[in-house]
Amino acid sequence: MKNLISFLTAAMLFYSFSAPVFAYTAEESNLPEAKSFILIEAETGEMLFVHNPNERLPVSSLAKIMTLLIIAEELEAGRISMSDDVPASAAASAAAGSVIWLNAGEILPLSELVKSVVIASSNDATIALAEYIAGNTEEFTALMNRRAAELNMNDTLFSDPCGISAGGYSTAADIAVMTAVLFKHDVFNHFYTIRLDSVRTGTERETQLVNTNKLAHWYNGLLGGKAGQSAEAGFCLLNCAERSEMRLISVILGAKTEEDRVNLCETLLDNGFRDFELFTPELDTTQFSPVKVERGIEKLVEAAPRTPVKFIAPKGQGGKSAKYEYSVPESITAPVEEGQVIGTLTVHMSGKQVAQTELTALHAVEELTFIKSLKLMLKSFFRF
């Protein structure tokens, strides 16, 4: 089957980026400073604001986005459950940094450990979950890197489930990729924007969880995100927010201060929602449907886009500036299968392609053989 080849559709399927149509650079936009950042629209993969988006950098706890993605996929596959009891190993108990003070041999529900990772970026909870899923952190890290390869995250290497070991790296663009995929899953949605919570609630060892993502406390439309920082990585932050059905992802790497990463992330999201829209056009169906069918029982077949046509446009310009190119043959020869590709629809703005999708048959059309033709004639004859 013919592959979709446009930037838009490739981004939807693989989240791999190509040259942006509308992206602004840091210099053009006078944005706060960071080593690297990106703002993308999640459904199309369109880059809106960029600065060194493909520079390999340490990313600290943002690596936990891949850990959470694997956990989400394991949950959806039914291989683990939020109600599972998860034991803590000596390695988990020895974790440093942000922790919930797990004791070796302590058992907590998987949901409590996930909550600790999502809200407070807990390293000991992350290690316990990784060991529960893969047996040890080395095998879990291998899972992370295999999943990254499947997502075409070609500039990423994870060194551990937490993002704290030396040698790991990623890019703003790659992190945006896995964030977009993670937020297709809604299993953690009720945790992302919690400001304060606790684990072991009501016991002597109750531990408070404070959300390390400052924007989660107040930003309009925020779905969630994660913060990270270390001496090597600087201050890092990612957030995903949605307004008017447009979902934006902002990734900041290597900011100098906590304030810089928060201000830059907020500014990127604000500018994206202010300047752009996810546009769904009303297509002129007469340009591609119906299509004549030669040697078929039916003379026409209806066609439609294989995937919904959506693209990013400067706000208010999608209906004015977009140009549509329909490539459909004058006729096709039966038999025609339902879903068969019979043409393409390409959308251009500012002289660049912003979307392409295949046009496919909505129903099958059988070939009109001699026997079938005779049956139709007899059926018609006996009506009279």
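Author: Two strands pair if DSSP finds at least two bridges between them, and with that in mind we can look at this predicted model, where the bridge partner of Ala303 is Ala361 in strand 19.

Reader: How do you know that strand 14 and strand 19 are paired?

Author: Three bridges join strand 14 to strand 19, residues 352-361, and the definition asks for at least two; the two strands therefore count as paired, and they run antiparallel.

Reader: What makes strand 14 and strand 16 the edges of the sheet?

Author: The open sheet has four strands in the order 14-19-18-16, with antiparallel pairing. Strand 14 (303-305) and strand 16 (323-327) each have a single partner strand, so one side of each is left without a neighbour in the sheet. On average, and with direction ignored, neighbouring strands of this sheet are turned by 25° against each other.

Reader: Why are helix 6 and helix 7 called roughly perpendicular to each other?

Author: Two packed helices are described by the angle between their axes and the distance between the axes. Here the axes of helix 6 (residues 123-134) and helix 7 come within 8 Å and cross at roughly 85°. Angles of 65 to 115 degrees count as roughly perpendicular, and helix 6 and helix 7 are therefore described in that way.

Reader: Which residues of helix 6 and helix 7 meet, and of what kinds are they?

Author: Ile127, Ala130, Glu131, Ile133 and Ala134 of helix 6 meet Thr137, Glu139, Phe140 and Leu143 of helix 7. The residues of this contact divide into six nonpolar, one polar and two charged.

Reader: Why is Thr171 called buried?

Author: Buried means under 20% relative accessible area, and Thr171 is therefore called buried, since its value is 0%. Thr171 lies in the loop between helix 7 (137-150) and helix 8 (172-182), and, leaving aside its neighbours within four places in sequence, it is in contact with Pro53, Asn54, Glu55, Arg56, Asp155, Thr156 and Leu253.

Reader: How do you know that the side chain of Thr171 makes a polar contact with Asp174?

Author: A polar atom of the Thr171 side chain lies 2.9 Å from the backbone nitrogen of Asp174, and the cut-off for such a pair is 3.5 Å.

Reader: What makes helix 8 mostly covered?

Author: Eleven of the eleven residues of helix 8 are buried, among them Ala172, Asp174, Met178 and Leu182. The buried residues of helix 8 pack against strand 2 (36-41), helix 3 (64-76), helix 7, helix 9 (189-192), strand 9 (234-243) and strand 10 (246-255).

Note on methods:
Residues numbered from 1 in each chain as written. Predicted model: local features only at pLDDT ≥ 70, side-chain atom pairs only at ≥ 80, totals over all residues. Heavy atoms only, no water. Buried < 20%, exposed > 50% of the residue type's maximum accessible area, 1.4 Å probe, protein only. Polar contact = N/O pair within 3.5 Å; in protein donor to acceptor, adjacent residues only side chain to side chain. Contact = heavy atoms within 4.5 Å. Axes fitted to C-alpha atoms, helices over the stretch in contact; angles between N-to-C directions. Parallel < 35°, antiparallel > 145°, perpendicular 65-115°, else oblique. Nonpolar A, V, L, I, M, F, W, Y, C, P; charged D, E, K, R; others polar.
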